[in-house]
Amino acid sequence: MAFLLTSLAFAQLAALPPRYTCEGANLSPPLSWSGVPPGTRSLALVVDDPDAPDPAAPKTTWVHWVVYNLPATAPGLPEGGKPLPAGAREGNNDWQKPGYGGPCPPIGRHRYFFKLYALDVRLPDLGPVTKGGLEKAMGGHVLGRAELVGTYQKGSR
């Protein structure tokens, strides 16, 4: 069975509903996964935008959400991401705070990558870890990766 990440809120490469952006309620979309690889001890989620600030001339990847130590048995995350499953931790996004920060692109239609990693370990408490710190901690422990991509452009209701 393939390791899959899906959402009831949007399909692969489809537009994210404004509800999940700075123009709406700024909630994380509901996420579900299946086909978690055998031997998975925990899951990690990173949501980022490689098109910042302008998709025609990207200069950085903007991180919207960092979550780790999701239980391997969890079937997904509800809308708004709360409550997180027991033991799960949030790192800092690029607004320098924990939690989800919805899409709010300054120009153009951006892509938002929801990346779920299956790990063969439970990570220690990493504190206010960034995407880079989480990726370093995951090094050598990734059993699989599932990805879901949504798009958003401000004013595209």
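A disulfide joins Cys 22 to Cys 104, with the two sulfur atoms 2.2 Å apart. A pair of cysteine sulfur atoms is given this name when the atoms lie within 2.5 Å. By this rule the structure has one disulfide. A disulfide is a covalent bond between the sulfur atoms of two cysteines.

The model is a predicted one: local features need pLDDT of at least 70, side-chain atom pairs count only at pLDDT 80 or more, and totals for chains, interfaces and linings use all residues. Residues are numbered from 1 along each chain as its sequence is written, and side-chain values use heavy atoms, with hydrogens and water left out.

**The disulfide in the chain**

The torsion about the S-S bond of Cys 22 and Cys 104 is about 75°, so the disulfide is right-handed. Cys 22 lies in the loop between β1 and β2, and Cys 104 in the loop between β6 and β7, so the bond ties together parts that are 82 residues apart in sequence. Cys 22 is partly exposed, with a relative accessible area of 31%. Cys 104, at 32%, is also partly exposed. Here buried means under 20% relative accessible area, exposed means over 50%, and partly exposed lies in between (1.4 Å probe, protein chains only).

**The fold**

The chain has one helix and eight strands. Both kinds of element are DSSP runs numbered from the N terminus: helices are H or I with at least four residues, and strands are E with at least two. Along the sequence, the order of elements is β-β-β-β-β-β-β-α-β.

The radius of gyration, taken over C-alpha atoms, is compared with a globule rule of 2.2 Å times the number of residues to the power 0.38. For 157 residues, a compact globule would have a value near 15 Å, and the chain agrees with 15 Å. The C-alpha trace spans about 45 × 30 × 25 Å along its principal axes. Of the 157 residues, 46% count as buried.

The chain exposes about 7200 Å², and carbon and sulfur atoms supply 57% of this area. Accessible areas come from the Shrake-Rupley method with a 1.4 Å probe; for residues, only the protein chains shown count as cover. Contacts, meaning heavy atoms within 4.5 Å, can also be sorted by separation in sequence. Among contacts between residues at least 6 apart in sequence, 73% join residues at least 24 apart.

**Salt bridges**

How many salt bridges does a search of the whole structure find? The search finds seven. A salt bridge is a side-chain nitrogen of Lys or Arg within 4 Å of a carboxyl oxygen of Asp or Glu. The table gives some of them.

| Salt bridge | N to O distance |
|---|---|
| Arg 111 and Asp 51 | 2.8 Å |
| Arg 89 and Asp 125 | 3.8 Å |
| Arg 145 and Glu 147 | 2.2 Å |

Arg 145 is partly exposed at 45% relative accessibility, and Glu 147 is partly exposed at 31%. Salt bridges with shared partners also join Asp 48, Lys 115 and Lys 131 into one network.

The side chains of Arg 111 and Asp 51 meet in a salt bridge. This pair links distant parts of the chain: Arg 111 is in strand β7 (residues 110–119) and Asp 51 in strand β3 (residues 42–52), 60 residues apart. Arg 111 is partly exposed at 35%, whereas Asp 51 is buried at 5%.

Arg 89 and Asp 125 form another salt bridge. Arg 89 lies in strand β6 (residues 89–90) and Asp 125 in the loop between β7 and α1 (131–138), so the pair ties together parts that are 36 residues apart in sequence. Arg 89 is partly exposed at 36%, and Asp 125 is exposed at 58%.

**Aromatic pairs**

The structure holds three aromatic pairs. Rings of Phe, Tyr and Trp (its six-membered ring) pair if their centres lie within 6.5 Å; planes under 30 degrees apart count as stacked, over 60 as edge-to-face and the rest as tilted.

The ring centres of Phe 10 and Phe 114 are 5.5 Å apart and the planes stand at 45°, so this pair is tilted. Phe 10 lies in the loop between β1 (4–6) and β2 (31–34) and Phe 114 in strand β7, so the pair ties together parts that are 104 residues apart in sequence. Both Phe 10 and Phe 114 are buried.

Trp 65 and Tyr 100 form an edge-to-face pair, with 5.5 Å from centre to centre and 80° between the planes. Trp 65 is in strand β4 (residues 60–71) and Tyr 100 in the loop between β6 and β7, 35 residues apart. Trp 65 is buried at 1% relative accessibility, and Tyr 100 is buried at 15%.
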